[in-house]
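Here are a few notes to read alongside the model. Have it open while you go through them.

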Amino acid sequence: TNRDLMMINHENNVIKYKARNFANNHKQKGDKCEQCNSTENLHFHHTNYEKNEGITLCSKCHFKIHYSI
């Protein structure tokens with residue numbers, strides 16, 4: 001039902017919010033992009049929101065992953 005889909009979406013958003021908050025508060029970013037070795041504009045890209053697992057990427061590589069460029 002539509003209500004079930006709304007609940008699933010809400011639960012996914014809560015998991016993502018908690019993961020982002022964890023990453024921001026604990027500075028899980030490494031010192032360089034794991035794809036191109038850039039040291040500028042680093043982001044933490046979650047590969048698993050529930051386990052707070054991820055990789056460090058520069059903004060360009062992060063964009064490429066999300067938009068398959």
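1. Leaving aside its neighbours within four places in sequence, which residues is His-45 in contact with? They are Glu-53, Gly-54, Ile-55, Leu-57, His-62, Ile-65 and His-66, where contact means heavy atoms within 4.5 Å.

2. A quick word on the ground rules. This is a predicted model, so local features need pLDDT of at least 70 and side-chain atom pairs count only at pLDDT 80 or more, while totals for chains, interfaces and linings use all residues. Residues are numbered from 1 along each chain as its sequence is written, and side-chain values use heavy atoms, leaving out hydrogens and water.

3. Back to His-45: look for it in strand β1, residues 42-48 (strands are DSSP runs of E, at least two residues; helices are runs of H or I, at least four; both are numbered from the N terminus). His-45 counts as buried because its relative accessibility is 11% (buried is under 20% relative accessible area, exposed over 50%, partly exposed in between, with a 1.4 Å probe and protein chains only).

4. Zooming out, the protein has two helices and two strands, running α-β-β-α from the N terminus on. Of its 69 residues, 17% count as buried.
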